[in-house]
Amino acid sequence: MPAHDTRLPLSRRGFLLASTGAAAALALAPAPAHAGARRPFGRYGSPAARLTPQTLYVDPKGRGDHTTVKDAVTAATGSGWTLVLAPGTYRETVAVDVTRTEATWIGASEDPRDVVIVYDNAAGTPKPGGGTYGTTGSATTTVQADGFTARWITFANDWLRADHPDITGTQAVAIKVQGDRSAFHHCRFLGHQDTLYADSIALTSFARQYFSHCYAEGDVDFVFGRATAVYENCHFRTLNRTDLAGAPYGFVFAPSTAGANPRGYLVTRSHVSSEAPDAFYKLARPWVPSSDTTARPSLVVRDTWLGPGIDAAAPYTNMSDTFPWQNQRFAEYRDTGPGARITVPENRPQLTAEQAESATRAAYLGDWKPWQGEC
């Protein structure tokens with residue numbers, strides 16, 4: 001996992017042009033020289049040696065079928081397309097609509113640091129035609145189609161509060177995922193507020209999503225939404241902040257699970273670390289949106305290491321006192337680390353061993369097994 005020891009007063013976009021050492025501090029370093037000067041698509045073929053008729057190659061230097069991800073998505077109409085992305089920084093917004101099902105995106109170098117899809121809209125950013133983008137509209141990448149898979153790609157939003165003191169809508173989504181059977185393997189999600197929006201296409205749609213060996217960073221509610229989502233062997237990193245005088249700096253998870261959905265977020269065999277002072281972050285708070293006041297946010301964190309950045313005495317808090325976290329579905333099981341110490345038992349609901357038998361990836365995802373095959 002990348003080290004995040006300092007945060008210099010540059011925008012994330014600035015780090016793309018800064019020295020390699022500074023860029024690495026924000027995990028947005030330019031693609032290294034080894035990243036395929038002669039073979040930009042690695043073992044995944046090329047336009048001259050296409051793996052399948054439904055494989056498209058994307059390279060910002062012009063060695064593929066398209067130079068932007070957006071153009072490749074536009075060309076890939078229908079179901080079953082694969083996009084192979086050469087190393088580079090793709091500064092654009094991309095949307096995969098509901099008709100483009102069973103799509104696969106592959107970072108050709110098999111290192112997510114090499115392939116970065118990034119933009120810098122926030123909820124409060126003015127739109128060219130008037131109004132602002134809102135949280136959903138701020139997303140760099142939006143995936144609505146079912147059956148989407150991504151491997152070895154970084155999804156980022158490099159909007160920063162310090163660059164825009166006049167904007168109060170500071171949500172800035174790196175990716176919004178709404179489709180069922182959406183899988184991400186070895187991907188990174190970089191942002192500050194509302195980084196990874198794991199959601200569904202409609203209130204009555206219980207979209208299943210799987211994140212394996214992924215990295216997500218942020219500060220406020222940076223993993224949020226109403227999907228049925230499993231995060232396995234993932235690393236969550238809470239960022240430092242200089243704009244606040246005291247705790248809390250933010251919240252890792254903010255599920256908004258529909259009340260009719262028996263399962264929300266499951267975090268298993270993962271790792272939560274922090275740049276911030278000890279106990280300056282909450283593990284979660286429930287999001288009951290105004291559009292669904294019957295939501296009952298659900299989160300299970302099990303077999304996971306919680307670092308000292310998490311407030312062990314009070315790891316949960318309310319987003320609204322109308323919907324206290326104690327009335328939601330929050331629980332832990334066999335967590336370790338300084339942030340997992342049970343010093344105030346009533347603040348740390350625990351699953352029983354019998355309940356934990358139903359808190360598994362198989363129980364959450366049913367007949368879909370995205371961990372099988374190439375991950």
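Eight strands form an open sheet in the predicted model, paired in the parallel sense and ordered β3-β6-β9-β12-β15-β18-β21-β24. Strands are DSSP runs of E of at least two residues, numbered from the N terminus, and two of them pair if DSSP finds at least two bridges between them. The edges of the sheet are β3 (88-91) and β24 (305-306), each of which pairs on one side only. Four bridges link β3 in parallel to β6 (residues 115-119), where Ile117 is the bridge partner of Tyr90. Residue numbers count from 1 along each chain as its sequence is written. Because the model is predicted, local features need pLDDT of at least 70 and side-chain atom pairs count only at pLDDT 80 or more, whereas totals for chains, interfaces and linings use all residues; side-chain values use heavy atoms, with hydrogens and water left out.

Strand β14 (residues 208-212) is largely enclosed by the rest of the structure, because five of its five residues are buried; buried denotes under 20% relative accessible area, exposed over 50%, and partly exposed the range in between (1.4 Å probe, protein chains only). In a regular strand, side chains alternate between the two faces of the sheet. In β14, Arg208, Tyr210 and Ser212 point one way and Gln209 and Phe211 the other way, all of them buried. Strand β11 (residues 182-185) runs parallel to β14 and is joined to β14 by four bridges, with Phe211 as the bridge partner of Phe184. Five bridges connect β14 with β17 (residues 228-232), also in parallel, and the partner of Ser212 in β17 is Glu232.

The structure holds zero disulfides, a disulfide being a pair of cysteine sulfur atoms within 2.5 Å. For Cys187, the nearest cysteine sulfur is that of Cys214, 5.1 Å away; Cys187 is buried, with a relative accessible area of 1%. Cys214 is likewise in no disulfide, the nearest cysteine sulfur being that of Cys234 at 4.8 Å. Cys214 counts as buried at 3% relative accessibility.

Tyr316 lies in the loop between β24 and β25 (329-333) and counts as buried at 4% relative accessibility. Although 33 residues separate Tyr316 from Leu283 in sequence, their C-alpha atoms are 6.0 Å apart. Residues up to four places away in sequence aside, Tyr316 touches Leu283, Ala284, Trp325, Phe330, Ala331, Glu332, Asn347 and Pro349, contact meaning heavy atoms within 4.5 Å. The side chains of Tyr316 and Glu332 make a polar contact at 2.8 Å (a pair of N or O atoms within 3.5 Å; within protein, one must be able to donate a hydrogen and the other to accept it, and residues adjacent in sequence count only if both atoms are side-chain atoms).
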